[in-house]
Amino acid sequence: MGSMSVVDVIKAISDDKSLVLFNTIALASGNADTLITTLKLTRKQYYSRMSGLVNAGLVTRKNGNYFVTSFGRILYDVQLMIGKAVESYWKLKALDSFQLSSSVSPQLPAEEYNRIIDTLMNGNDEIKNIVRKYYNKNDITPTHKEKVYTQQLIPSRLSYE
């Protein structure tokens with residue numbers, strides 16, 4: 001397998017049927033016939049999507065069954081996090097409104113903003129930590145800023161050998 005980019009990986013799970021197929025394999029590995037009938041895909045839909053998942057390094061085949069790779073497990077967890085963020089979309093919009101209103105008036109004290117985050121994101125510690133991390137842009141290390149800037153200029157390439 002050659003090199004691939006983040007775009008290639010995201011493209012592999014970018015449509016509903018591919019994502020459902022990937023999640024089904026992540027939750028319970030299976031053989032082709034079972035997956036095709038369970039997900040009500042045509043053979044062409046199944047094999048074209050499965051090819052994309054295999055080529056992206058998310059899924060592998062062994063003894064006629066498909067399994068999620070270590071790389072695939074990481075992506076599975078990441079897309080679960082995205083799902084949590086989508087479920088919290090309006091709460092996150094509310095947090096944004098506090099930040100936007102503070103650009104006109106003085107910024108909320110960190111303690112008050114953290115209380116608002118705790119109230120809105122109750123029970124969702126992963127999202128709370130991410131929101132807090134980026135609340136004060138000065139807390140982002142120069143190394144991290146450079147890494148993000150470099151990735152925007154030169155897309156990250158993953159190579160598999």
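1. A quick definition before we start: a pocket is an open set of grid points with protein on both sides within 12 Å along at least five of seven lines, and lining residues have an atom within 4 Å of a point. Keep in mind that this is a predicted model.

2. Now look at the largest pocket, which has a volume of about 160 Å³. Its lining includes Ile-10, Ser-14, Asp-16, Leu-75 and Gln-79. By class, that lining has 6 nonpolar, 2 polar and 2 charged residues. Helix H2 (16–27) and helix H5 (70–87) each supply at least two of the lining residues, and H5 gives the most, with 4.

3. Next, helix H7 (residues 110–120). Which of its residues are buried? They are Tyr-113, Ile-116 and Ile-117. Seen down the axis of H7, these fall within an arc of 100 degrees, so they line one face of the helix. Glu-111 and Thr-119, on the other side of H7, are exposed. Here's a handy rule: an α-helix has 3.6 residues a turn, so residues three or four places apart point the same way.

4. On to the aromatic rings, where the whole structure holds 4 pairs. Tyr-46 and Tyr-66 have ring centres 6.4 Å apart and planes at 75 degrees, so this pair is edge-to-face. The pair links distant parts of the chain, with Tyr-46 in helix H4 and Tyr-66 in strand E4, 20 residues apart. Both Tyr-46 and Tyr-66 are buried.

5. Tyr-89 and Trp-90 have ring centres 5.1 Å apart and planes at 85 degrees, so they are edge-to-face too. Tyr-89 is partly exposed at 41% relative accessible area, while Trp-90 counts as exposed at 67%.

Terms used. Residues numbered from 1 in each chain as written. Predicted model: local features only at pLDDT ≥ 70, side-chain atom pairs only at ≥ 80, totals over all residues. Heavy atoms only, no water. Buried < 20%, exposed > 50% of the residue type's maximum accessible area, 1.4 Å probe, protein only. Arc of directions from axis to C-beta. 1 Å grid on protein atoms, 1.4 Å probe; cavity = no way out; pocket = protein on both sides within 12 Å on 5 of 7 lines; lining within 4 Å. Points joined across faces, edges and corners; volume = space filled by probe spheres on them. Nonpolar A, V, L, I, M, F, W, Y, C, P; charged D, E, K, R; others polar. Phe/Tyr/Trp six-rings, centres within 6.5 Å; stacked < 30°, edge-to-face > 60°.
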